[in-house]
Amino acid sequence: MTTFPSTTECPHCGAVLNARYAQLGLKRLFCGYESCGCEGAVAERAAIAAQEQAEAEKAVAEKRRRSLVRCGVPERYLGLDHPMADELALAMEGGQWLYLWGDVGTRKTTCAAAVAMRLHDRGKSPLMVPMYRVLDEIQRSFHDGGDPLKRYAEAGYLLIDDLGKRRPTGFVLDSLFQLIDQRYSAMRPTLVTTQYRPSDLVRRLAEQGDADTAKAIVSRLRHGARVVEFDGPDGRLS
């Protein structure tokens, strides 16, 4: 059985500190020594508490980071924000679709990522994905089978980045229409970013596919959506 001394000294000021005990039934349990109120002891306890708080906050931040990455938010954008993010996130929560268009470098992706982070932090389930990845998955499914669109069609909030950057083939365009139509019919809020205004996006999507299908996709994206134009110089070059 370990025997603890009845007193000890404060390592800062040398004051005698009495042992503390608690009675649990027939057992007397040692609970450490009383705290010293000297300046050095107080500062030490404050430093320990601050370190524990910092470690706890770091753990929470890392858990959030991993969760956001799983939601598709690119690492580069995790520390960025956009002044329109709150407003647009609330609009999506209300069921509105968003069409963000503008030239390269005008912070469309930054805005979309900030919207996704707002939705995540409010307990929603956003899914952000670059359009090229969706197109690649559709293309692979032509050979490998499977349903690459299911997770995108069923996401509570879908944010598609850079629609129109790559020209889809006829098969891929048909699959893209299925995805947009499923979300449109189910009234699942969707955000797209693109370099093209709606009329130009129709022409872009139709370059290697059916014009009517391209028109139907953009019509659904545009119907009832809030269209936001991003302008200004290329922020990546400034």
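## Aromatic pairs and a helix contact in a predicted model

Phe30 is partly exposed, because its relative accessibility is 25% and the class covers values between buried (under 20% relative accessible area) and exposed (over 50%), with a 1.4 Å probe and protein chains only. This is a predicted model, in which local features need pLDDT of at least 70 and side-chain atom pairs count only at pLDDT 80 or more, while totals for chains, interfaces and linings use all residues. Residues are numbered from 1 along each chain as its sequence is written, and side-chain values use heavy atoms, with hydrogens and water left out.

Rings of Phe, Tyr and Trp (its six-membered ring) pair if their centres lie within 6.5 Å; planes under 30 degrees apart are stacked, over 60 edge-to-face and the rest tilted. The count by this rule is three aromatic pairs. Two of the pairs are tabulated here.

| Pair | Centre to centre | Angle between planes | Type |
|---|---|---|---|
| Tyr21 and Phe30 | 5.6 Å | 65° | edge-to-face |
| Trp97 and Tyr184 | 6.2 Å | 85° | edge-to-face |

Trp97 belongs to the loop between helix H2 (85-93) and strand E4 (98-102), and Tyr184 to helix H6 (residues 170-186), so their pair ties together parts 87 residues apart in sequence. Helices (H or I, at least four residues) and strands (E, at least two) are DSSP runs, numbered from the N terminus. Trp97 is buried at 7% relative accessibility, whereas Tyr184 has a relative accessible area of 29% and is partly exposed. Tyr21 is also partly exposed, at 30%. Ring pairs join Tyr21, Phe30 and Tyr33 in a cluster.

Helix H7 (residues 198-205) and helix H8 (residues 211-222) have axes that come within 8 Å and cross at roughly 150°. Axes are lines fitted to C-alpha atoms, for helices over the stretch in contact, with angles from 0 to 180 degrees between N-to-C directions. H7 is therefore roughly antiparallel to H8, a class for angles over 145 degrees. On the H7 side the contact (heavy atoms within 4.5 Å) is made by Pro198, Leu201, Val202 and Leu205, and on the H8 side by Ala214, Lys215, Ile217, Val218, Leu221 and Arg222.

Met84 lies in the loop between helix H1 (39-70) and H2. Leaving aside residues up to four places away in sequence, Met84 touches Cys111, Arg226 and Val228. Met84 and Cys111 are 7.0 Å apart in space, C-alpha to C-alpha, and 27 residues apart in sequence.

Note on methods:
Parallel < 35°, antiparallel > 145°, perpendicular 65-115°, else oblique.
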